[in-house]
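Please read this short report on charged side-chain contacts with the sequence and the model in view.

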Amino acid sequence: MGSIYGPVTDWQNDFDHTDPEYNERIHEIWDDLLNAKKCPVAHTERFGGTWLPMTHEHVREIAYDTDHFTSRAVVVSTVKPDDAPIPPLPAPIGAAPPITSDPPFHQEARRLLLPAFAPKMIEPWEKEVEKICHDLIDAMGDREFIDAAVDYAQHIPVQVIARMLGFPLEDADKFRGFVHLVLEAVNESPEARQAAFESFNEYLDRQIQDHKDNPRDDLTTYLMNAEIMGNKLQDEHVRGTIVLILIAGIDTTWSGIGSSLWHLAGHPIDRGRLVDNPDLVPSATEEFLRAYAPVTMARMVKDDHDFHGCPMQKDDWVLLPFPAANRDPEVFEDADKVIIDREENRHAAFGLGIHRCLGSNLARLEMNVATRVFLQRFPDFEFAQGEQTKWSIGQVRGPRKLPVRVLARRPRP
Amino acid sequence: MRVRVIKEKCQGHNRCYSLAPELFDVDDLGNAFELNDGVVPAGLEDKARLAMKNCPEFAIEITED
């Protein structure tokens, strides 16, 4: 299995965000594309036509413009929604509401979920997340070499989301397999993707049936009983929202935690400042979110549309790289520097406009706690010599392998 | 000094609430609103400015008396 397009040889005219090089060399590639100044927005024929705006102004404009850009598909892949073998619910609902929904339905679907993710509902999770983090570190024993992504970051959001949805904790590997399917295997053949999606759907149907038989206090049961304008949600809506929570709740935060630790492994001064002053962690987290924002969203062009001279055509993909917007010198001073006590930080890591990440409060909590606990237990660490960080592929960027050497450790308090 | 959350722009990022909980609160949906009719008590002016400068949606307005 692999990309149907092959490696990129001409980044300026034929970029591909799923080429492994893209996430590895992302800052160079953006600079290169920005300097090329063809159309103000980069373009590739891959995936049936894909645009890549990169300035804060352009990213913001598209994020706010729900008239010309639809959210009915938000992950660029070889399959456009109209060609899917199992067609998603039609617009304005889409395959994974509310992220794939357009106004006015979007607001109804989102309102159902907002209370569960509001700050005051998320704050009580802090103790639980702290325990998860300490348990993971305990499980590493006294190993000198650990993988901060594989042994630590990847487990934290999985455990939280499985608890929230009421799914078996032992299915964590399955969830990560689904994440890979939805977000990384996007350049594989439509046939390969169809088969994998069928098994994903079967798994979810089994979990939903289990909740029908044994209703309990979790998000899955809540969704099955929820109503929009007096009607229960369609089965596909319930399943789609679970897909959203499962995928978006796992990969993104795992990447955010991993990128924070990646930065700290290479920057001893920042590491020391945070060890000496853990109260600085929330500000550092915001800066890591800005500088290493994990998520690039996508839209589709609703109808042929001229965007600042770029001839966008109906059903073209448009990537929305919030991470690139976050490095725009027009909006951020010293945009290319990581400043952990940056005072003014309007970063767009969680998106802009009506689709602001629903789980942002949870993601922030997990990132803050994960960094704080890691530094508390491992006040000194560095990249393991001779080993490589391996970055994810596609629209969510973060380390998938992050081998580090522990230089100092402290017991669980 | 007064602060105001522009309701139409706020998307619930909650930066103001976490940076200046003395000046902002959030409702059950996670959307922010100003406390005390937006009047900023003496000594909290810097916090008000900090909240404004960290809003991703440019949804906070400050008026100086």
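## The model

This is a predicted model, in which local features need pLDDT of at least 70 and side-chain atom pairs count only at pLDDT 80 or more, while totals for chains, interfaces and linings use all residues. Residues are numbered from 1 along each chain as its sequence is written, chains are lettered from A and ligands numbered from 1 in the order in which they are written, and side-chain values use heavy atoms, with hydrogens and water left out.

## Salt bridges across the sequence

Over all chains the structure holds 38 salt bridges (a side-chain nitrogen of Lys or Arg within 4 Å of a carboxyl oxygen of Asp or Glu). One of them joins the side chains of A:Asp14 and A:Arg46, at 2.9 Å from N to O. Because A:Asp14 lies in helix H1 and A:Arg46 in the loop between strand S1 and strand S2 of chain A, this pair ties together parts that are 32 residues apart in sequence (helices, H or I with at least four residues, and strands, E with at least two, are DSSP runs numbered from the N terminus). A:Asp14 is partly exposed at 24% relative accessible area, whereas A:Arg46 is buried at 6% (buried means under 20%, exposed over 50%, partly exposed in between, with a 1.4 Å probe and protein chains only).

## Another pair and a network

A:Arg342 and A:Glu287 also meet in a salt bridge, at 3.0 Å from N to O. A:Arg342 is buried at 11% relative accessibility, and A:Glu287 is buried at 0%.

A network of salt bridges links A:Lys131, A:Asp135, A:Asp138, A:Arg377 and A:Arg412.
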